[in-house]
Amino acid sequence: SGTLTFPSDFMLVAAMNPCPCGYLGSGDKCHCTVNEIAKYQSKISGPLLDRIDLMVEMPAVGYEDLQSTASGESSTEIKKRVVKAHEIQLQRYKKEGIFFNAQLNAAQVEKYCVLGEAEQKLLKAAFSSMDLSARAYHKILKVARTAADLDGSEEITVRHLAEVLQYRSLDRKYMI
Ligand SMILES: [Zn+2]
C-alpha cells in the first residue's frame, strides 16, 4: 500500500475537496446541500482510498489568500488553537472525571456530542453510503467534537462532521 497508481488528477481533487464545490470549511462560500456532500464523499471513499497512507488537507486558496503575505496558520497559531481546545475540554468535563473527548464513554458521547438535524442527516447518509460499522459511530462523534473544539465552536456543525467523515473515508486504517 501507499503508492498512487490511480489517475492522480482525480485522486488529488478528491483529497482536496471535502464537497462538490470545494469550499466546505472556507467561510460561507459553500452552498452544497447535506445530501450533495454525503453523495460526493461516498464517491471518493472505498477501497481505492484505503490505499492512501497519508492524506494532506489542502484548503481552497482564495484571491485574498494569494495576496496576503502570510499563507496559512503559523505553528504558533496552531499551538494556541490546540491549547485552547484542551482548555475547553478540561472545563467541560471537570465534573466527569475525564480530560479529553477521546475518553468519552457511550453515555457521555450522547450527552456532549449532540447533533442538529442537518448533522444527523449527514451522518445517517454517510453511514449507509460509506458502509460504516456501528462501532465507528462514537469515534466519529468524538473526533467531530474535537474538530468543533479546535474551531472554538460550541456546536458540532456539518462542516466539522464532514471534515471527520472525509478523514474517515480517506484513511480507514488509522481513524477507526
Ligand atoms: Zn461545497
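Trainee: What should I keep in mind about the model and its numbering before we start?

Mentor: Residues are numbered from 1 along each chain as its sequence is written, and side-chain values use heavy atoms, with hydrogens and water left out. Because the model is predicted, local features need pLDDT of at least 70 and side-chain atom pairs count only at pLDDT 80 or more, whereas totals for chains, interfaces and linings use all residues.

Trainee: How many helices and strands does the chain have, and what makes a run of residues count as one of them?

Mentor: Helices are DSSP runs of H or I with at least four residues, strands are runs of E with at least two, and both are numbered from the N terminus. The chain comes to 10 helices and 0 strands.

Trainee: Why is Asp 149 called buried?

Mentor: Buried means under 20% relative accessible area, exposed means over 50%, and partly exposed lies in between, with a 1.4 Å probe and protein chains only. Asp 149 has a relative accessible area of 2%, so the residue is buried. Across the chain, buried residues make up 38% of the 176 residues.

Trainee: What makes the pairing of Asp 149 with Arg 92 a salt bridge?

Mentor: A salt bridge needs a side-chain nitrogen of Lys or Arg within 4 Å of a carboxyl oxygen of Asp or Glu. The closest N and O atoms of Asp 149 and Arg 92 are 2.6 Å apart, and the pair is a salt bridge. Asp 149 lies in helix 8 and Arg 92 in helix 5, so the pair ties together parts that are 57 residues apart in sequence.

Trainee: Which residues are linked with Asp 149 in a network of salt bridges?

Mentor: The network links Arg 92, Arg 145 and Asp 149. The side chains of Arg 145 and Asp 149 meet in a salt bridge at 2.9 Å, N to O, and both residues are buried. Because Arg 145 and Asp 149 are 4 residues apart in helix 8, they are separated by about one helical turn.

Trainee: How do you know that Lys 111 and Glu 96 also form a salt bridge?

Mentor: The N to O distance between the side chains of Lys 111 and Glu 96 is 3.2 Å, and they meet in a salt bridge. Lys 111 lies in helix 6 and Glu 96 in the loop between helix 5 and helix 6, so this pair ties together parts 15 residues apart in sequence. Lys 111 has a relative accessible area of 53% and is therefore exposed, while Glu 96, at 24%, counts as partly exposed. The count for the structure comes to 4 salt bridges.

Trainee: Why is the pair of Tyr 93 and Tyr 112 called edge-to-face?

Mentor: Rings of Phe, Tyr and Trp (its six-membered ring) pair if their centres lie within 6.5 Å, and planes under 30 degrees apart count as stacked, over 60 as edge-to-face and the rest as tilted. A search of the whole structure finds 1 aromatic pair. Tyr 93 and Tyr 112 are 5.0 Å centre to centre with 90° between the planes, and the pair is edge-to-face. Tyr 93 is in the loop between helix 5 and helix 6 and Tyr 112 is in helix 6, 19 residues apart. At 0% relative accessibility Tyr 93 counts as buried, and at 16% Tyr 112 counts as buried too.

Trainee: What is Gln 89 in contact with, leaving aside its neighbours within four places in sequence?

Mentor: Contact means heavy atoms within 4.5 Å, and on that rule Gln 89 is in contact with Phe 99, Phe 100, Asn 101 and Asp 149. Gln 89 is in helix 5 and has a relative accessible area of 3%, so the residue is buried.

Trainee: Why is Phe 99 called partly exposed?

Mentor: Phe 99 has a relative accessible area of 46%, so the residue is partly exposed, and its place is in the loop between helix 5 (75–92) and helix 6 (106–112).

Trainee: How many disulfides does a search of the whole structure find, and what makes a pair of cysteines count as one?

Mentor: A disulfide is a pair of cysteine sulfur atoms within 2.5 Å, and the search finds 0. Cys 32 has a relative accessible area of 18% and is therefore buried, and Cys 113, at 4%, counts as buried as well.
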